[in-house]
Amino acid sequence: MTMRRDDCIRALARHRGDAIVVATYQAAFDLMRIDPHPLNYLSVGAMGQASSHALGLALGRPDMRVVVLDGDGSLLMNLGSLVTIAGAAPGNLVHFVCENGCYEANGSHPLPGGDQVDFAGLARAAGIGDVSVFDALDAFEAALPGLLTRPGPVFATLKVVPGDPSPQEYEVIHGAETRRRFKEALRTAASR
Amino acid sequence: MNATTAAAYPGPRGADIIAALKAARVEFVAAVPDIVTSDGLLWPISRDPALRLIRLCKEDEGVSICTGLAFCGRRAVLMMQQTGLMDSLNAIRAIAVEYQQPVCMLVGLQGKEADRAASASGKYGVRIIEPVLDAMAIDHITLDSPADVAALGPAIARAYDRSRPVVALIGRAVVR
């Protein structure tokens, strides 16, 4: 079984509350379309860096939940971040990897290793204790309240297919206005 | 470096660098160990309760971690060797330079001769660092001697005031 990524993001949107959501590539484009929340962090800059941005945000704002929507190809480019996150042990970080088995933003070429990579196993081996895998939307949505509130770091693999296409608005995710709006939203969140 | 050279060309003091970081309101240090700064700076930082050390697997993680912290209004520095700087250039290009983020980096120049400027080093891997930073229009300072540390606080302040990256190149072994 697999889930549509856009359905997963709709489910997350229903449960995120005031969480910061860091998203990369196709997940970022889907998030912009489905849930244009002011606390979306879209400016990851370089492939693989989403989880590291999220760690910085989680350490900087321990009063807020930080969720990262990573890609499988992206995480492979920064696998060490799993170990760094386990070492820093931020209790407020939730790391989702959207596993579709390919580099979707770059022509949908398959990942090295094909479908043999076990991301949940990698997370466990890195030292992250709260690890799960979801391939059914109802189970994922039922688990979301717990995933978003349990002490972290939390890691979950989401077995996904794309869903409806979202515009690839690179100029938006890389734009200064996107970062300015996020910074202002985070500052406002500080005064709550 | 032998004892005679070390005496003639003393490196910066770790205690002075740590004091400068604290005076600049730095709370977090993200680091991959580097032999130039290991004994005199990174080990003392690891024992300092006023600084949160984030041990990294790879240097480019630190570019993003420092950026995430900066969005939260928290100050950080990234410590690494020049090899890690070179390995992180794409993240620095995109996140620190193009996104205009105050990523502050302390970079040990492993292999640099104590009696020469980096630009005059006989080591290719050292000699190219400043020209690479210049090509990327990245602000940089040199911390070779104890007196050079006076420039660190203003450099960090400049980075946060302008929201731009800065690199401090440490060209001699940091002493305790």
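Student: What percentage of the 176 residues in chain B is made up of buried residues?

Tutor: This is a predicted model, in which local features need pLDDT of at least 70, side-chain atom pairs count only at pLDDT 80 or more, and totals for chains, interfaces and linings use all residues. Residues are numbered from 1 along each chain as its sequence is written, and chains are lettered from A and ligands numbered from 1 in the order in which they are written. A residue is buried if 20 or more other C-beta atoms lie within 10 Å of its own, exposed if 12 or fewer, and partly exposed in between, with C-beta atoms placed from the backbone. By this rule, the buried share of the 176 residues in chain B is 49%.

Student: How many helices and strands does chain B have, and what is its radius of gyration?

Tutor: Helices (H or I, at least four residues) and strands (E, at least two) are DSSP runs, numbered from the N terminus. Chain B has nine helices and six strands. The radius of gyration is taken over C-alpha atoms, and the globule rule is 2.2 Å times the number of residues to the power 0.38. For 176 residues this rule gives 16 Å, so chain B is as compact as a globular protein of that length, with a radius of gyration of 15 Å.

Student: Which residues of helix α3 of chain B are buried, and why are they on the same side of the helix?

Tutor: Helix α3 of chain B covers residues 38–46, and its buried residues are B:Gly40, B:Leu41, B:Leu42 and B:Ile45. They are on the same side of α3(B) because they cover an arc of only 150° around the axis. The arc is that of the directions from the helix axis to the C-beta atoms.

Student: Is B:Ala76 buried or exposed?

Tutor: B:Ala76 belongs to strand β3 of chain B. Two residues are in contact if their C-beta atoms, placed from the backbone, lie within 7 Å. Leaving aside residues up to four places away in sequence, B:Ala76 touches B:Val26, B:Glu27, B:Phe28, B:Val29, B:Ala30, B:Cys66 and B:Leu69. Because 27 other C-beta atoms lie within 10 Å, B:Ala76 is buried.

Student: How far is the C-alpha atom of B:Ala76 from that of B:Ala24?

Tutor: These two residues are 52 residues apart along the chain.

Student: Which helix of chain A gives the most to the side that touches chain B?

Tutor: In this pair of chains, 24 residues of chain A are in contact with 22 residues of chain B. At least two residues each come from α3 (50–60), α5 (80–88) and α9 (176–190) of chain A. With eight residues, the element that gives the most is α3(A).

Student: How many nonpolar, polar and charged residues does that side of chain A have?

Tutor: Ala, Val, Leu, Ile, Met, Phe, Trp, Tyr, Cys and Pro count as nonpolar, Asp, Glu, Lys and Arg as charged, and the others, Gly among them, as polar. On the side of chain A that touches chain B, the classes are nine nonpolar, 12 polar and three charged residues.

Student: Which elements do the buried residues of α5(A) pack against?

Tutor: The buried residues of α5(A) are A:Ser81, A:Leu82, A:Val83, A:Thr84, A:Ile85 and A:Ala88. They pack against α3, β5 (93–99) and α6 (119–126) of chain A, together with β2 and α4 (59–71) of chain B.

Student: What phi does A:Ala89 take?

Tutor: A:Ala89 lies in the loop between α5 and β5 of chain A. With 13 C-beta neighbours inside 10 Å, A:Ala89 counts as partly exposed. Although A:Ala89 is not a glycine, its phi is positive, at about 55°.
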